[in-house]
Amino acid sequence: MKLNKKRLLLNLFLFGLMVIMAACSSGAAENSQQESPGNEQKTEQTAEETASETRVIETVKGDVEVPANPQRIITDLYLADFIALGVKPVGANEWALRNPFIQEQIDGIEDIGAPISVEKVLQLQPDLIVVQSDENYEKLSQIAPTVVIPYASEGDFYGELRKIAEIIGKEKEAEDWIASFEEKAAQARKQIEPHIEEGETFGIYEIADEKVYIFGDNWGRGGHVLYRALKLNPPAMMQELISQGTQWKELSLEALPEYAADHMFITTYNSQSKGPDQELFKKMKSSAVWSNLEAIKNDQVYLMNFLHMYYADPFSLEEQLDLMVEKIIGVEK
Amino acid sequence: MMEERRLRFKTQIAVFIALIIATFFVSLNTGVIQLSPAETIRTLLGKGTDANHLLLFEFRMPRMVLSILAGAALAVSGAIFQTITRNELADPGIIGINVGASVAIVSFIFLTGGTVESLTLTSKVLLPLAAFAGAMTTALLIYMFAWNRGVSPLRLVLVGVALNAILSALLIVIQLQMEANSFMKALVWLSGSIWAANWDYVTITVPAVFLIIPFVIYKSRYLNVLHLGDQLSTGLGLHVERERQILIILAVALAGSAVAVSGNITFLGLIAPHIARKLIGPQHERFMLISALIGALFLLLADLIGRVIIMPSELPVGLVVACLGAPYFLYLLMKS
């Protein structure tokens with residue numbers, strides 16, 4: 001009895017193994033006979049069907065050939081940029097989808113997960129992938145041409161927008177927007193002129209989970225708007241950091257007064273709710289260090305909504321411009 | 001009595017292998033993209049669409065194979081440690097091997113600045129190498145500190161736990177220095193994640209697993225004797241120190257290889273041998289093999305669950321293992 005059982009199991013196992021081996025080898029033979037590039041791994045709906053043109057883009061990973069007229073774009077964080085340029089991607093990550101300024105335009109765009117789910121991306125059958133992180137770059141490249149644009153790698157926000165525009169051939173739209181934004185910025189500068197004094201400093205701070213950070217002119221949170229568009233001055237210490245290439249710094253409570261500005265824009269962030277935290281600011285405001293700051297005493301501290309200030313894309317920048325100007329001229333001297 | 005045990009052994013092997021194969025196919029068929037069984041078979045035979053081929057062979061299969069290999073490696077490593085330290089709760093993670101590998105990985109990411117340029121090819125090979133080196137170095141440190149004309153199992157564990165604490169602190173220090181991008185990368189690795197799996201990682205791990213595990217099973221005689229205690233072992237003619245050294249090297253090599261490609265996964269080295277011992281007894285020839293199979297199955301399942309439970313996002317496999325293992329632990333605690 002026992003012997004039979006053993007034999008049977010062994011035979012079953014070997015048989016199963018044989019079947020699998022045979023199947024695999026015949027599969028390999030078939031693959032090599034197929035005409036289509038079996039292991040080239042482009043999805044069925046490739047650019048070859050829609051447009052036979054491609055262009056070559058220089059990326060940090062080398063040159064990448066992308067379709068001239070991509071129809072199905074997947075991005076992780078550059079969603080709003082694409083929408084601003086007139087193109088609607090088919091997939092983005094949840095963070096980008098929470099951008100409050102594009103809520104009307106994101107109908108039907110799918111969440112690709114964080115970390116990016118390569119399966120989800122495959123399912124959406126993209127013909128172009130533009131991402132900020134290089135996670136799973138190889139796997140994504142096998143699905144569709146993939147361009148990686150690391151955070152703040154293109155100099156400043158304009159550079160980033162131009163890069164994205166270059167990839168999809170919308171350079172004109174990008175330049176148009178930049179020109180119009182510069183005009184808006186010039187108007188905004190005129191608007192705030194009567195309300196600020198020479199040499200006044202403006203700072204951007206974030207209180208995240210009880211830690212305080214200060215930001216420069218190229219790290220989101222309205223930095224570009226405040227310092228480049230409105231051409232206002234950061235506090236001296238921060239200016240030094242910026243000129244050294246540092247865009248953010250965590251501040252201890254002792255260091256805070258050194259980095260404080262005459263006008264302070266503050267956002268709060270709670271990593272658990274992934275959003276602003278009203279209670280946090282109230283708590284910190286009453287602490288000894290904060291209440292001694294000039295800005296607090298002069299009531300020149302502006303509490304902003306994290307979700308409004310975090311993003312850096314055409315929509316957000318325009319809104320942030322309006323928001324910041326509002327706060328500044330709301331203070332009568 | 002012996003005959004019965006023998007049968008149960010062979011049956012157990014068959015059952016576990018069958019379970020592994022079954023889970024393998026279920027896992028192959030499951031995910032964000034749902035293929036019908038027919039489509040799956042067609043793709044396996046090489047007649048599927050390019051997209052499906054990509055899905056199965058490049059996305060899903062490497063991680064499943066890696067789960068099996070890493071799971072087996074971790075389980076056997078844990079089994080060796082449990083025998084050497086004569087402590088059923090030993091696990092390479094507890095004595096700091098995992099943390100050592102983590103420190104190496106995090107340092108590597110920190111030093112290379114998490115820069116995107118050029119590093120993918122090298123990082124594919126260097127990252128696992130760094131982890132492996134980290135694991136080995138940690139083991140060396142533990143051994144050196146525990147040395148006092150020989151290394152007693154107790155001292156090994158104590159030094160390991162202490163080193164674990166120190167390295168964990170070091171880990172946090174390094175992490176705090178990192179920029180956001182690198183930090184995220186490190187975090188992903190640290191929570192045990194197989195989604196970066198690819199065939200290159202498999203190629204690295206296969207020799208480690210298929211050479212070391214059989215060798216360990218060969219060493220079962222020595223393990224059986226070591227299990228009886230130092231004095232008895234020496235009395236029986238075993239060169240205790242040397243054998244312990246060799247076995248530690250093997251165990252760390254296994255744990256290091258696993259952790260190198262699958263990230264920080266604790267608990268598996270503890271649970272799998274534990275369950276195996278309950279099923280088949282402490283005779284190492286069998287115990288090792290069953291541990292390996294259980295480890296493989298466990299990690300394969302954990303990977304499946306991690307992939308499926310919050311689609312399209314993923315739960316890190318280390319987390320799933322911990323979640324599955326903790327109840328088992330509590331159950332043990334309650335029983336004792």
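Which hand does the crossing of α3(B) and α11(B) have? It is left-handed. A crossing counts as left-handed if the near helix is turned anticlockwise from the far one by less than a right angle, and as right-handed if clockwise.

Some ground rules. This is a predicted model: local features need pLDDT of at least 70, side-chain atom pairs count only at pLDDT 80 or more, and totals for chains, interfaces and linings use all residues. Residues are numbered from 1 along each chain as its sequence is written, chains are lettered from A and ligands numbered from 1 in the order in which they are written, and side-chain values use heavy atoms, with hydrogens and water left out.

Chain B, then. Helices here are DSSP runs (H or I, at least four residues), numbered from the N terminus. Helix α3 of chain B spans residues 50-84, and helix α11 of chain B spans residues 240-262. They pack at an angle of about 150 degrees, axes 8 Å apart. Therefore α3(B) is roughly antiparallel to α11(B). The cut-offs: under 35 degrees is roughly parallel, over 145 roughly antiparallel, 65 to 115 roughly perpendicular, and the rest oblique. Axes are lines fitted to C-alpha atoms, for helices over the stretch in contact, and angles run from 0 to 180 degrees between N-to-C directions.

Who touches whom? Contact means heavy atoms within 4.5 Å. On the α3(B) side, the residues include L66(B), A73(B) and F81(B). On the α11(B) side, they include R244(B), L254(B) and V261(B). By class, this contact has 17 nonpolar, two polar and one charged residues. Nonpolar means Ala, Val, Leu, Ile, Met, Phe, Trp, Tyr, Cys and Pro; charged means Asp, Glu, Lys and Arg; the others, Gly among them, are polar.

Next partner: helix α8 of chain B, residues 199-218. Its axis and that of α11(B) come within 10 Å and cross at roughly 155 degrees. So α8(B) and α11(B) are roughly antiparallel. This crossing is left-handed. Y201(B) and V216(B) are among the α8(B) residues in contact, and L254(B) and V261(B) among those of α11(B). The classes: eleven nonpolar, two polar and no charged.

Now α3(B) with α8(B). The angle is about 30 degrees, with the axes 10 Å apart. So α3(B) is roughly parallel to α8(B). Here too, the crossing is left-handed. Among the α3(B) residues are F57(B), E58(B) and L66(B); they meet α8(B) residues including W199(B) and Y201(B). The count is 18 nonpolar, one polar and one charged.

Over to chain A. Its domain assignment gives domain 1 (55-169) and domain 2 (192-329). Their C-alpha centres lie 29 Å apart.

Conventions
Helices (H or I, at least four residues) and strands (E, at least two) are DSSP runs, numbered from the N terminus. Domain bounds come from an automatic or database domain assignment.
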